[in-house]
Amino acid sequence: ISSGGTVANAEGFIGFRTDSSGNSALITGANSLWTNGGALQVGSQGSGNSLVIAGGGTVANTDGNIGFASSAASNSVLVTGANSLWTNSSEIFVGVAGSGNALVISNAGQVAASAGFIGTGPDSSDNSVLVTGTSSTLTSSGRLDVGSGGSGNTMTIADGGSVSGAEGYLGAVANSSNNSVLVTGANSLWTNSGNLGIGFRGNGNSLVISNGGTVANADGYIGGGANSSNNSVLVSGTSSLWANGNELLVGNSGSSNSLIISNGGTVANSRGTIGEGSGSSNNSVLVTGSNSLWTNSQGLNIGRFGSGNSLVISDGGTVTSATGSLGSLDTATGNSALITGANSLWTNGG
């Protein structure tokens, strides 16, 4: 569909049956439009199908699905170029049940939806979203899940790309493990008006903020549920920032979750806690290297109810807080803080 051409229909399918592979649609040029009154599926059951929106073209639908059935693998959507737009009035799914499906937004392309899910079903693995380049945007008016039900799904925000939503979750349910988000490069941004959970219920999920990338949200959780373990966040490099408007909980209820701030990275929040719940054990924070900073505008609790949680400040790292406590309530045992190396500092205003 090119040069201002228009196609309108009820529902749209690219690769409908299990043996339908290598099919494609291209919508390119200003005012070129594909309108679906219902859902659009890129890889309904088939594999290797593709949609490209370029040069200011537009595709509109209700739900957008890339890799709908379990047989639907390696399907893709590319939205590239200024004014190129994929608008989903309802939800967008990258890997409903399928694996290895991809969405790429580049060169100021735009995708909008009411909510977004990457890796929805329990077997939907290795699906990916890449948002790269200045003015490239993925916008969700609701939540955005990376690993809504599946494992090994990824989102990368690079080189000035931007993703925004109401709430964000990596590893939303118990079996959603090893999902990851990378936010890297100056002006690369992931912003949530509500909370962000890294390993909200799942295990081994990770967030990396590097080379000047920024993540912003209200409350932040690393390990939200009782069984959410081994989830991690790394904030590394000058101008790399994780800004929590409210609390940051490392191990809300889970165990062995971690935060590392290194090489001049910064994490900011109001109250900070390592080991919030009575069952939250062996969670850790490491702040290491000159200009690496964790700032708590209110108190910092190392083991509020939990046990065996730790803070390490090394090699010139800095932690600031209004007040500090190790083992603040009666179930909190075996928590620790180590401050080691020249210019390493934990300073409490109270």
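Are F93 and F117 buried or exposed? Both F93 and F117 are buried, where buried means under 20% relative accessible area, exposed means over 50%, and partly exposed is in between (1.4 Å probe, protein chains only). Before we go on, keep in mind that this is a predicted model, so local features need pLDDT of at least 70 and side-chain atom pairs count only at pLDDT 80 or more, while totals for chains, interfaces and linings use all residues. Residues are numbered from 1 along each chain as its sequence is written, and side-chain values use heavy atoms, with hydrogens and water left out.

Let's stay with the rings. Rings of Phe, Tyr and Trp (its six-membered ring) pair if their centres lie within 6.5 Å; planes under 30 degrees apart count as stacked, over 60 as edge-to-face and the rest as tilted. By this rule there are three aromatic pairs. One of them is F93 with F117: the ring centres are 5.3 Å apart and the planes sit at 15°, so this pair is stacked. The two partners come from distant parts of the chain, with F93 in strand β11 (residues 91-94) and F117 in strand β14 (residues 115-118), 24 residues apart. The strand names come from DSSP: helices (H or I, at least four residues) and strands (E, at least two) are DSSP runs, numbered from the N terminus.

Now look at Y169 and F200, an aromatic pair that is tilted, with 4.6 Å centre to centre and 55° between the planes. This pair also links distant parts of the chain: Y169 is in strand β20 (residues 167-170), F200 is in the loop between β23 (196-198) and β24 (206-210), and they are 31 residues apart. Y169 is buried because its relative accessible area is 8%, whereas F200, at 23%, is partly exposed.

Next, the charged side chains. A salt bridge is a side-chain nitrogen of Lys or Arg within 4 Å of a carboxyl oxygen of Asp or Glu, and the whole structure has four of them. In one, R143 meets D145, with the closest N and O atoms 2.9 Å apart. R143 is partly exposed at 33% relative accessibility, but D145 is buried at 1%.

R304 is in the loop between β35 (300-302) and β36, while E276 is in the loop between β32 (272-274) and β33, 28 residues apart. E276, at 12%, is buried, and R304, at 27%, is partly exposed. Together, E247, R271, E276 and R304 are linked in a network of salt bridges.

Follow the chain on to strand β36 (residues 310-314), where four of the five residues are buried. β36 pairs in the parallel sense with strand β33 (residues 284-288) over five bridges, and likewise with strand β39 (residues 336-340) over five bridges. (Two strands pair if DSSP finds at least two bridges between them.) T288 stands opposite S314, and V312 stands opposite L338 in β39. S314 itself is buried because its relative accessible area is 10%.
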